[in-house]
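This report describes one protein chain for a reader who has not seen it before. The sequence and the model are shown first, and the description follows.

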Amino acid sequence: MSDISDTPRGSEEGAELEQQDGAAVEFEKSAPEDRATEGPLDESEANPVRPYVDLGGVKILPREGLHLRLEVEEETQRVVAVGLDYAGSTLQVQPFAAPRSSGLWHEIRDQITDQVQRQGGRVTERDGAFGPELVAEIPVAAPDGGPVETRVARFVGVDGPRWFLRGVIAGDAAVQPEAAALVEDLFRSIVVVRGSVPMPPRDLIPLRMPAAPATGGENDYSSL
């Protein structure tokens, strides 16, 4: 993935969402009307007996064909994102602390648009399965020095109770409706664990490796 999807600010310096100077502006929460029943769910809304994989800030429900990767910041060795490979697509998710009464997604869309445009890409906003989403065409240099190619990525976000969940969708689900429906259902199945520890809005909710990782690479838990 390009820098724009690896961390919220497109840099190696942590995973906290960039804060704007000046007085804070409150935005309404952006989420599907049925979020509390159909997801993404808060821990208090999830079925406690379902066999979730516990990654700290999020829980993932295993399903056939799903491969899990943990994205680790090289300098700090901190887990900064969860990568899910499914249905010929990738879904990167990151959970953030958020205010109780206001949302983050409306403001963050502007930040993502600015980042993509500074990379020379194009962004279109549209109504998607979770509300407003961004479809970005991001230039990617060919590894052999060939002509620059364009990668399509969808940026989705859901404001929950005291948390915000961001997803970046690439691969088939960015362009094909059938794959998109499968990955959207996967995003819906995620449970966010905000916890009770006070956190500033926009801070990444801590992620961690599973207690019993499957056989695979150091950060590859591919047998879900």
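## Overview of the chain

The accessible surface of the protein comes to about 11,100 Å², and carbon and sulfur atoms account for 48% of that area. The model is predicted. The protein contains 224 residues, of which 47% are buried. Its secondary structure consists of 4 helices and 12 strands.

The average pLDDT of the protein is 86, and 83% of the residues score at least 70. Residues 1–23 have a pLDDT under 50, and in the model this stretch has 66 contacts beyond four places in sequence. The pLDDT is also below 50 over residues 213–219, a stretch with 11 contacts beyond near neighbours in sequence.

## The nonpolar cores

The largest nonpolar core has 28 residues, and the members that touch the most others are Val82, Leu84, Leu91, Phe187 and Ile190. Several elements supply at least two residues each to this core: the strands β3 (58–60), β4 (67–72), β5 (79–86), β6 (89–97), β9 (149–160) and β10 (163–171), together with the helix α4 (177–188). Another core lies apart from this one; it has 16 residues, including Ala98, Leu134, Ile138 and Leu204.

Which residues does isoleucine 190 touch, leaving aside those up to four places away in sequence? They are Pro40, Leu41, Val58, Lys59, Ile60, Leu84, Leu91, Val93 and Leu165.

## An open sheet and valine 53

An open sheet is formed by 4 strands in the order β1-β11-β3-β2, with mixed pairing. The edge positions belong to β1 (41–42) and β2; each has a single partner strand, so one side of each is left without a neighbour in the sheet. Strands β2 and β3 run antiparallel and are joined by 2 bridges.

Valine 53 is located in strand β2 (residues 53–54). Its bridge partner in β3 is isoleucine 60. Is valine 53 buried or exposed? Valine 53 has a relative accessibility of 14% and therefore counts as buried, since the cut-off for buried is under 20%. The C-alpha atom of valine 53 is separated by 6.7 Å from that of proline 210, although the two residues are 157 apart along the chain.

## Strand β10 and its partners

In β10, 8 of the 9 residues are buried, so the strand is largely enclosed by the rest of the structure. Strand β10 pairs with β6 in the antiparallel sense over 9 bridges.

## Aromatic pairs

How many aromatic pairs does a search of the whole structure find? The search finds 3. Two of them are set out below.

| Pair | Centre to centre | Angle between planes | Arrangement |
|---|---|---|---|
| Tryptophan 105 and phenylalanine 164 | 5.7 Å | 25 degrees | stacked |
| Phenylalanine 130 and phenylalanine 187 | 4.9 Å | 70 degrees | edge-to-face |

Tryptophan 105 belongs to helix α3 (residues 105–118) and phenylalanine 164 to strand β10, so their pair ties together parts that are 59 residues apart in sequence. Both tryptophan 105 and phenylalanine 164 are buried. Ring pairs also link Phe96, Trp105 and Phe164 into a cluster.

The pair of phenylalanine 130 and phenylalanine 187 likewise links distant parts of the chain, 57 residues apart. Phenylalanine 130 sits in the loop between β7 (122–128) and β8 (131–140), while phenylalanine 187 is in helix α4. Phenylalanine 130 and phenylalanine 187 are both buried. Phe187 is also among the residues that touch the most other members of the largest nonpolar core.

Methods. Residues are numbered from 1 along each chain as its sequence is written. This is a predicted model: local features need pLDDT of at least 70, side-chain atom pairs count only at pLDDT 80 or more; totals for chains, interfaces and linings use all residues. Side-chain values use heavy atoms; hydrogens and water are left out. Buried means under 20% relative accessible area, exposed over 50%, partly exposed in between (1.4 Å probe, protein chains only). pLDDT is the predictor's confidence in each residue, from 0 to 100. Contact means heavy atoms within 4.5 Å. A nonpolar core is a set of buried Ala, Val, Leu, Ile, Met, Phe, Trp, Tyr and Cys residues joined through side-chain atoms within 4.5 Å. Accessible areas come from the Shrake-Rupley method with a 1.4 Å probe; for residues, only the protein chains shown count as cover. Two strands pair if DSSP finds at least two bridges between them. Rings of Phe, Tyr and Trp (its six-membered ring) pair if their centres lie within 6.5 Å; planes under 30 degrees apart count as stacked, over 60 as edge-to-face and the rest as tilted.
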